[in-house]
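These are my notes on a structure that I went through chain by chain. I wrote down what I looked up and what came out.

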Amino acid sequence: MTAHLRLGSAAIALAFGFSASVVAQEVGMSSTTTSTPMSSSLVPVTQAMLDGAAKNANNWVHSNGNYDNSRYYPGRQINARNVTGLAPAFVFQTEVLESMETAPIVVNGVMFLTTSFNHVYAINAATGEEYWHYKHKLGPIVTVCCGNNNRGVAVSEGKLFMGTIDAKLVALDAKTGRLLWSVQIADPNLGYSETMAPVYVDGKVLIGTNGGEYGIRGFVKAFDANDGKLLWTFYTIPEKGHEGVWDPKDATGRDMHRDIAKEKADFAKDSSFYQRLGGGVWMTPAIDQKTRTVFFVVGNPSPDLYGAIRPGDNLYTDSIVAIDLDKGTYKWHFQYIAHDVWDLDAVSAPILTTAKDKNGAVVDVVIHGGKTGHIYVHERNTGKLIRFSEAMIPQENMWVLPTKDGARMLPGANGGVEWSPMAIDPTLHMAYAANLHQPMTYHVEEAPYPGGKLWLGGAFKVIPSEEQWGRLVAVNLDTGKVAWGAKTPQPLIGGVLATAGGIVFNGEANGWFKAFDSKTGKELWKYNCGAGVNAPAVSYMVGGKQYVAVAAGGNNQINAKRGNSVFVFTLVGGGQNVHEEKTVK
Amino acid sequence: MLSALALPAYAQLDAAQMAAAREKAQVCFTCHGPNGNSTVGEYPILAQQSWRYIFIELQDFKAGRRADPQMSHMAAQLSTDDMMALGFFFAAQKQLPIQFKVDPAKVEAGRKTADTVLCPMCHLGGFVGQNEIPRVAGQWPQYIKKQLEDFKAKRRTNDAGNMTSVAAGLSDQDIENLAQYIGNLF
C-alpha cells in the first residue's frame, strides 16, 4: 500500500513503527439512528443505472463516477464561465472529527457518505437534512497503517456495501440504514483491513484489502450481494511464479540496481514467503463490461524496504492486473517496479478511456497514475505499455538502494500520485493528477516477519530542511506531455473531479477547494472549507440544479487539519472570482 | 476523537468474563506477582500493560518469534481467546510502584539518552505505551536492561527491526542509564 507519512518531523515516527491501532468501541451492537423518514424519491439502483452512470448527470452512483473510474461528470450547468458564482448550499456535519476520504454517492437527491471508523450517513442532497446514521461496531482488533479511513460505499438494488477497518464487508438497507448482513473478509490480527469503496456489478461486490505494511497476502474477492457468500478470490501473490522474469529495469527502462545472481541463489533456498509478500489492493477497480474484465493496481511487497528477505520480482506487487469478472481468473499484468524497496507502488485507481497508440490510432486504453510521478498508458486488451508521461514532479537519484543511514531519492514514498483518484476529460484526452513532492531518505533494517505487526524493514524519513509541495497536473494522454501544472503549498492527497463544464475541481490540505479551467489550468474559483480538503469531489443534480460535494475532514497521512464536514456547493450568485494567483507550468 | 472510542479495550469484558480471565491469570501470578505486580526484577510487571502488547507477545512466544525458557512453554498452551482475555485482564489491573536503589546521575543521563533516541515517539511521553507499544514506566530495571541487551545482541527479534535498530546504537552504560530512568518513572 501505502500510504504513510505525516508532514514534518512526525514522519520519523515510522522509523519505529506507529502501527496497529486497537480501537476500543462502544459496547453493544452496530446501531442505526433515524432522524427523518427517508425521502420517497429514493429508488433502488438498478444495473442499468450503474451501467449508464457516465451519461447520467442526475446521480453519482459509483465512487469514481462510473465503471471506467473516469471521475468525469457529464453535466455542464456549472461551467468555466459561471463557476465564479459557486457558493455553499449547505454544510453537513458528521459526529466524527477525523480524516475524511469519502466519495459521496447520490441517488435521486439522497446522498450516502462515510466517515473514519465506518459511520454512514444518508442525507438530503439538496438541503443536508439527515435521514439516518449507521455506526459500525468494531471488533477488538483493528490494524491500520495510515488512519481509520473510509472512502465510500457501493450501491445497488436498495443496498449499500461498505468495507470496514476491522476487515468486514457489511450490507445496509439503503432506505433505513439497517444492517442486512456482515462477513469477515480476512483476519485483522494479521494486518488485514478495509478502507476502499467496493464496486458492485451483476450481483457481485468486489473488494480488495489493505495490509502491505503487515505481511499479508493481497487479494481481490467477489461476494454475493444478496447474502455475502464468497464467490471467488484472486490472490495478488501467486503461489508459484512470483519471482517473475528477474527484471533489472523499471517500466521506464531505468536500472534498479538489483543483485539478480544473489536473489536467484536466495530464491533457490527459500521461495515459501508468498503468504506474507504483501500486495494489497485498496482502491476501487475499474470494470470493462464488454470484455468482462476487472482492472486494478497492486500495492507494495512486504516488508517495504527490506528486500533481501523476498528475492524475485515479487509478482504481482507494483503492477496493474486484469482478471476475469465472472471467474476471478488471471488475464494479464504489467509490473512497474520489480522487487520494489522504496514503497513506490501502484495505488491510484486505474481509469478506462481511449488514447492514441504509437501509430496515431485511437484505441481502448487503461491508465494509471503512479507514485513515481508518471502516468502510464496501456493497451486495454493486453496491458502492453504504449507510453508513460513526463514526470509530473521532480525525480532525483533513482533508483538508489536504501541504506542503514538513509539514502535520499525523489520522489518520496508517498509519490507522485498517492491513492488520490485521477480524473480525465475524454473530449480533451487529458488526465488530471494530484501529486506530492516530499523529499525523503530511505532506510533499510533487517527484520524477520513479526507476525501482524507493522513491518517496514526500515524507515522513510522526510528531510526537514527541504520544502514540500503539491502539484495538480494535466497530462495529454496522446503524447504523454504535461499540458499544465498548478503548484500548491502543500502535498496533494484527495483526488480530482473533471466536468463537461470545462472545470477541474481539486482540494488542498490548507482548506482551499478550487476550480481550474480544464484546458489551461487557469484558477477560476476557490472556497476555504476550514479543514483539509483531502477527499475527491462528486457532482449531481437535484430539481434541475447542479451541485458539487466534497468532504473536508483533513488527513491522517499528511496530518492535514481535521474536520467533520461535507461541503455542498451550487450556483447561487456572488462568489469569489479569483484570478490573481498564477498558474505554474 | 469520538468519546465512545476512548473507552478502554477491557471494557469489552463483562463481570463474568473478567472473573474467568482472572482464573486464567492465576498461573501467571506465580512469577509476575499478584495481579501482575511482580516483586522480582527478573519478571516484568504486567499490571496496567497495554492489552494489545500482552496479546501480541503471547502470540509471538507461541509462534516461536520470541523465545524464553518459561514463557515459550506457557504460551504454547494458550488459545487466541485465552491470550486476548489475559491481555484484557492485566490491562485492567493497577500497577504498583517498585522499590530499587536509584542513582540520580544515571536517571538524568538516561533521560537524555531517551530523548536523543526518540523513545517517546512510540512509547509516548512518560513511557505509558500505546497499542502494541508497551508501557515500560516503572518497570523493573533488571528486566529493561535484559530486553535492551537482547535487542542489541539480536537475541530478541520480534520487534520488526524497530528496537533492534535503536538498541544497536546504545552502549552498556546507556542501557544501564535508561533502565534506571525508565524504572524510576512512576
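What share of the contacts in chain B with a separation of 6 or more comes from residues 24 or more positions apart? I looked it up and got 68%, where contact means heavy atoms within 4.5 Å.

Ground rules first. I am reading a predicted model, in which local features need pLDDT of at least 70 and side-chain atom pairs count only at pLDDT 80 or more, while totals for chains, interfaces and linings use all residues. Residues are numbered from 1 along each chain as its sequence is written, chains are lettered from A and ligands numbered from 1 in the order in which they are written, and side-chain values use heavy atoms, with hydrogens and water left out.

**Chain B**

I listed the secondary structure of chain B and found 9 helices and 0 strands. Helices here are DSSP runs of H or I with at least four residues, and strands are runs of E with at least two, numbered from the N terminus.

Next I looked at burial. In chain B, 50% of the 186 residues count as buried; buried means under 20% relative accessible area, exposed over 50%, and partly exposed in between, with a 1.4 Å probe and protein chains only. The accessible surface of chain B is about 8700 Å², and 57% of this belongs to carbon and sulfur atoms. Such areas come from the Shrake-Rupley method with a 1.4 Å probe, and for residues only the protein chains shown count as cover.

I also located the charges: chain B has 18 positive and 18 negative ones, with mean positions 2 Å apart. Lys and Arg count as positive, Asp and Glu as negative, and His and the chain ends are not counted. The place of a charge is NZ of Lys, CZ of Arg, CG of Asp or CD of Glu.

**Chain A**

For chain A I noted 3 helices and 37 strands. Of the 585 residues of chain A, 68% count as buried. In chain A, 64% of the contacts between residues at least 6 apart in sequence join residues at least 24 apart.

**Cysteines**

How many disulfides does a search of the whole structure find over all chains? I got 1, taking a disulfide as a pair of cysteine sulfur atoms within 2.5 Å. The bond joins A:Cys145 to A:Cys146, with S to S at 2.0 Å. The angle about the S-S bond is -95 degrees, and the link of A:Cys145 and A:Cys146 is left-handed. A:Cys145 is buried at 17% relative accessible area, and A:Cys146 is buried at 6%.

B:Cys31 is in no disulfide; the nearest cysteine sulfur, in B:Cys28, is 9.1 Å away. B:Cys31 is partly exposed at 28%.
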